[in-house]
Amino acid sequence: MSLLSDPRLSEAAGHLPDYLGNHLRVSLAALALGLAVSLPLAIVARNRPVMRGALLAVASIVQTVPGLALLALFYPLLLALASLTLNWFGFDFSAFGFLPAVLALALYSMLPVLRNTITGLDGIDPALLEAAQGVGMTARQSLFSVELPLALPVIMAGIRTAAVWVIGTATLSTPIGQTSLGNYIFAGLQTQNWVFVLFGCVAAAALALIVDQLLALLESGLAARKPIRAALGGAGIAALVAAALVPSIARSSSSYVVGAKTFAEQYVLAALITERLQAAGLQATTRAGLGSNVIYEALAAGDIDVYVDYSGTLWLNQLHETSIKPRNELLADLKARLAKQHITLFGTLGFENAYALVIPKKRAEALRIHSIADLASHAATLSIAGDYEFFSRPEWAALRKAYGLSFRVQRQMQPDFMYAAVASGDVDVIAGYTSDGLIARYDLVTLDDPKGAIPPYDALLLLAPKRAHDEKLQAALQPLLSRIDIDLMREANLRASGNDADSSPTSVARWLWQRIGGR
Amino acid sequence: MTAALISYAQVSKRFVSRRDGGGAVTAVDNVSLEVATGEFLVVVGGSGSGKTTLLRLANRLIEADSGTIAIEGEDVRSVDPVGLRRRIGYVFQSGGLFPHMSISDNIGITPKLLATPPREIAARVDELLALVRLDDGAVGDRLPHELSGGQRQRVGVARALAARPRIVLMDEPFGALDPLTRDALAEDYRALHRQLGLTTVMITHDMTEALLLADRIAVMRAGRLLALGRPAELSASREPYVMELLRTPRRQAERLNALLPGAGPA
């Protein structure tokens, strides 16, 4: 099948107005804010060596923070700020999505603009500054009619660099809830949909190039005093701004938002929930690719209405418990504790997505390993791989403590690549997920946990505080409770990880619903 | 000689030198000097003599530490420096033209700052281009870098005259030009000075140029005013530095007389 006739391409194109519009809006807002702050700062700082040094140092440090971390840091920061303003001034604001993305990206845009503006103003021939003074200009007139125009090429180069950086980095705002072209990339990576990944990358690169060239046109038109060229560049930028201001999909306040974390199972379940809500006549949209902590806080703050989380995750990460209780006791405890935060634990879906140590079946048989206890004696010669968070999670500490595990090498991997890596022998053991469809595909086995070191990870439906008594919503979700068993979920996940036209979360969700409805 | 248009009374200016461990350098040392209306004063001195500082004190590009400077009878400290600069023409050493503005915009800048209507500015620019003999071809629409050095300096003069100042300050205006251009421009300016009734203070390190242009010459050395007078008066000076300065033009004149018999002095 050729790429052009691939239905995933038309599906990707269908998302384009929404993703591109949001991407453009967040990028341009961040760039505008960054410029509004950096340009005056640079102008004020140019004759003040101490302030100038401090500014450039801070901006450089910000630049060294990885984009994803910077974006992620703004979410808790704003959340804390919102609760402060609520306490002090009686209002709060959404710390989710647009605002943290704009602030973090604006901060990110500052270095090139600051540096180039200061350098550009610094590089002006002192004789010209004297001439400006000599012909009778005030400091302000000198700045606006001599210094800034002369420094313009250098300043514009900085602005263009900032624009390209911001547009590129904006793809990372997806995990904090801002829809962007990054949605293609995150979803594509998680569901092995390379068409999506490619589409997102090409779209972001094209947007960056177009904005860069429009700014170049504007600059060269101004510098060469060619009004038509400058007007063309200016009109192009203005058109983009206008396009960004047109709300792509007006989201009414009665619309439900379904959240999803950054892995395939979550994409499928969010698609399933969204379809169920729409089938019940409710307006629903999906916010996919959210970070694990962001999504919980977003639910608590009411930025999303419903999502699927896992009992062990909530117990350890959100409630900061270290004890591990039997399954039913833990669920009851969890329900009560979440209720205190006004979050409704609506029910379990029927399967568990726990961490489990996974090895190839043949290897397990050869080494006579059935449980983690059997593995412990071989561990010193083996390597283990886990996802980005596993080795800093309490489960890992508990496992090591309970079984005295100590591996030769620890590696972190993109979860989708772990299964292939263990199947091919690149690593010996992986910390996989029990519901992952790849376990069956690669002929792997999950090792038993006789000491119960890993807590239960039942998939749960959580509802936002404002949906605690929403009967329509609850009626629409009711048919999903206890209907998805581990085999069904594994098969769904396996389908979602396929690299073909039927592997989109929406198609898999439809298949899943048919299976549930057919029983 | 009529009333003094510019007067310096016991003026001093020190600069803190960064190079010499924060020691102060006296650029202008207790100078008193009066320039009469309509006079063409040329200040001569080597580099570091304080001649440029003396010039800039007059329109407050530099502020004096002590002493009093009066322009048209007013103490410059009591007037707004920006307004002061707008009514004094200033010709810069390197031209000082703004490279991003057309020749017309450069010439019209001070009237524009004074909020003169655009049509009046345009008329004034044409008038000035003719005055400095740049009226052939569309020079006004060009950018400074498209002009020759001599043409740029003519634009510098036109810009200084744009707001019809009574006083023109010139900082080595012809220093970077070839001798022929320089001579032509100096002659043309001398004529403008007379024709427009200007009062001019010009700086140069070239004694020959000073002798040919000046009504009076002021000789500066190490911040001090060493001698002041008409060329003939300076010629009688017993001051060794003044005698040294005059030696070159004298020798040149003798050699030229010998080489070009019958031509007579210029």
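**Entry 1. Chain B overall**

How much accessible surface does chain B have, and what share of it belongs to carbon and sulfur atoms? I began with this and noted that the model is a predicted one. For chain B the accessible surface comes to about 12900 Å², and carbon and sulfur atoms hold 50% of it.

I then looked up the secondary structure of chain B and found 10 helices and 10 strands. The C-alpha trace of chain B spans about 55 × 55 × 40 Å along its principal axes. I checked the radius of gyration against the globule rule: a compact globule of 266 residues would have a value near 18 Å, and the 19 Å of chain B agrees with this. Of the 266 residues in chain B, 49% are buried. Among contacts in chain B with a separation of 6 or more, 68% come from residues 24 or more positions apart.

**Entry 2. Chain A overall**

I looked up the corresponding entries for chain A. Its secondary structure consists of 21 helices and 10 strands. Taken along the principal axes, the C-alpha atoms of chain A fill a box of roughly 90 × 60 × 55 Å. Buried residues account for 51% of the 519 residues in chain A. For contacts in chain A with a separation of 6 or more, residues 24 or more positions apart supply 76%. I recorded an accessible surface of about 22300 Å² for chain A, with 61% of it on carbon and sulfur atoms.

**Entry 3. Two helices, end to end**

I turned to helix α6 of chain A, residues 139-169. Its 31 residues would reach 45 Å in a straight helix at 1.5 Å a residue, but the end C-alpha atoms are only 37 Å apart. Where does the kink in α6(A) lie? I located it at A:L152, shortly before the proline A:P153, with a bend of about 60 degrees.

For helix α7 of chain B, residues 179-196, I found a span of 25 Å from first to last C-alpha, close to the 26 Å expected for its 18 residues at 1.5 Å a residue. I listed the buried residues of α7(B): B:R182, B:L185, B:A186, B:D188, B:Y189, B:R190, B:L192 and B:H193. As a reminder on spacing, an α-helix has 3.6 residues a turn, so residues three or four places apart point the same way. The cover over the buried residues of α7(B) includes the chain B strands β3 (40-44), β7 (167-171) and β8 (199-204). It also includes the chain B helices α5 (118-131), α6 (149-161) and α8 (207-213). After α7(B) comes B:G197, with a positive phi near 65 degrees.

**Entry 4. Nonpolar cores**

In soluble globular proteins, nonpolar side chains tend to be buried together. Which residues touch the most other members of the largest nonpolar core? I found A:L277, A:L357, A:L399, A:L477, A:I484, A:L512 and B:F98, in a core of 188 residues. Helix α6(A) provides the largest share of this core, 11 residues. Another core, of 43 residues, lies apart from it; B:F40, B:V139, B:A160 and B:M202 are among its members.

I looked up A:T274, which lies in helix α10 (residues 264-279) of chain A. A:T274 counts as buried because its relative accessibility is 7%, under the 20% cut-off. Beyond its neighbours within four places in sequence, A:T274 is in contact with A:V258, A:A284, A:T285 and A:T286.

I next examined B:I107, in helix α3 (residues 103-107) of chain B. Is B:I107 buried or exposed? With 0% relative accessibility, B:I107 counts as buried. Leaving out neighbours within four places, I found B:I107 in contact with B:V125, B:L128, B:L129, B:V155, B:A158, B:R159 and B:A162. B:I107 and B:D126 are 19 residues apart along the chain, and their C-alpha atoms are separated by 9.7 Å.

**Entry 5. Positive phi outside glycine**

I noted A:S482, a residue other than glycine with a positive phi near 55 degrees. A:S482 sits in the loop between α19 (471-477) and α20 (486-496) of chain A. A:S482 is exposed, its relative accessible area being 53%.

B:N30 is likewise not a glycine and has a positive phi of about 50 degrees. I placed B:N30 in strand β2 (residues 24-36) of chain B. With a relative accessible area of 47%, B:N30 is partly exposed.

Methods
Residues are numbered from 1 along each chain as its sequence is written. Chains are lettered from A and ligands numbered from 1 in the order in which they are written. This is a predicted model: local features need pLDDT of at least 70, side-chain atom pairs count only at pLDDT 80 or more; totals for chains, interfaces and linings use all residues. Side-chain values use heavy atoms; hydrogens and water are left out. Helices (H or I, at least four residues) and strands (E, at least two) are DSSP runs, numbered from the N terminus. The expected span of a helix is 1.5 Å times one less than its number of residues. The bend at a residue is the angle between axes fitted to the seven residues ending there and the seven starting there. A nonpolar core is a set of buried Ala, Val, Leu, Ile, Met, Phe, Trp, Tyr and Cys residues joined through side-chain atoms within 4.5 Å. Buried means under 20% relative accessible area, exposed over 50%, partly exposed in between (1.4 Å probe, protein chains only). The radius of gyration is taken over C-alpha atoms; the globule rule is 2.2 Å times the number of residues to the power 0.38. Contact means heavy atoms within 4.5 Å. Accessible areas come from the Shrake-Rupley method with a 1.4 Å probe; for residues, only the protein chains shown count as cover.
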